[in-house]
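Work through the exercises below with the sequence and coordinates at hand. Each task is followed by a solution in steps.

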Amino acid sequence: MFWVIENIMKKIKAFFKNQYVKSVIKSALVIILIASILLNIFTYIFSIVRHYGSSMQPALSDNQYLLIYKTADVDNGDVIAFYYNNKVLVRRVAATAGEQVYIDIFGNVSINGTELDEPYVSNKTLGQSDVEFPYTVPANSVFVLGDNRETSMDSRLEKIGAVSEDRIIGKVILPNV
């Protein structure tokens, strides 16, 4: 019986000494390592989301895939992805915590009394809004607006409101908007 086990062990050793088997094992280990690194990168650093709707036109199109850098450190003008009612929305940051937002009936946006230059907005309008202006952005939050103000649901609506840091997924980095 012992000789049977010894024979099997010799065959296993011979099998693993074969150059083809060695190269297959090395290739498999490299693939596993690369997959592990990519999985960690796309779990903790980046995310890919799909943007639906016309709220960010013309900068973003319907059904467009976006690469998101996961961070809550955002500034005015950044396009961000955030959670709202178990959905991912993509909007542009107009104001950050403590800033005062005012939007007139013509859709002109002012932050702390200074009107924003918004070349990405093709049709300025007040749009859907039930927030009272001037509006002061709460701590740890941002005020977001869609580029297509006529159809966008954003911070102008109380049901969305200012987006708190814990709801922010991150900044859109590709495509560059």
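The exercises cover salt bridges, a charged patch and a sheet.

The model is predicted, so local features need pLDDT of at least 70 and side-chain atom pairs count only at pLDDT 80 or more, while totals for chains, interfaces and linings use all residues. Residues are numbered from 1 along each chain as its sequence is written, and side-chain values use heavy atoms, with hydrogens and water left out.

**Exercise 1.** Find how many salt bridges the whole structure holds, and examine the pair Asp78 and Lys171.

Step 1. The criterion is a side-chain nitrogen of Lys or Arg within 4 Å of a carboxyl oxygen of Asp or Glu. A search of the whole structure returns five salt bridges.

Step 2. One of them joins the side chains of Asp78 and Lys171, at 3.6 Å from N to O. Asp78 lies in the loop between S2 and S3 and Lys171 in strand S11 (residues 168-174), so this pair ties together parts 93 residues apart in sequence. Strands are DSSP runs (E, at least two residues), numbered from the N terminus.

Step 3. Buried means under 20% relative accessible area, exposed over 50%, and partly exposed in between (1.4 Å probe, protein chains only). Asp78 is buried at 19%, and Lys171 is partly exposed at 22%.

**Exercise 2.** Are Glu118 and Arg149 buried or exposed?

Step 1. Their side chains form a salt bridge of 2.6 Å, N to O. The two residues are 31 apart: Glu118 sits in the loop between strand S7 (114-115) and strand S8 (135-136), Arg149 in the loop between strand S9 (141-145) and strand S10 (163-164).

Step 2. Glu118 has a relative accessible area of 5% and is buried. Arg149, at 2%, is buried.

**Exercise 3.** Which residues gather in the patch of negative charge on the surface?

Step 1. Asp and Glu count as negative, with the charge placed at CG of Asp or CD of Glu.

Step 2. The patch consists of Asp73, Asp75, Glu165 and Asp166. Asp75 is in the loop between strand S2 (64-69) and strand S3 (79-84), and is partly exposed at 45%.

**Exercise 4.** In what order do the seven strands of the open sheet run?

Step 1. Two strands pair if DSSP finds at least two bridges between them. The order is S1-S2-S11-S3-S4-S9-S10, with antiparallel pairing.

Step 2. Strand S1 (46-51) and S10 are the edge strands, each pairing on one side only. S1 and S2 are joined by six bridges, and Ser47 stands opposite Ile68 in S2.

How values were computed:
Patch = residues over 30% accessible without salt bridge, like charges linked within 9 Å, V, L, I, M, F, W, Y side chains within 5 Å. Areas by Shrake-Rupley, 256 points an atom, 1.4 Å probe, with all protein chains shown as cover. Helix = DSSP H or I, 4+ residues; strand = E, 2+ residues; numbered from the N terminus.
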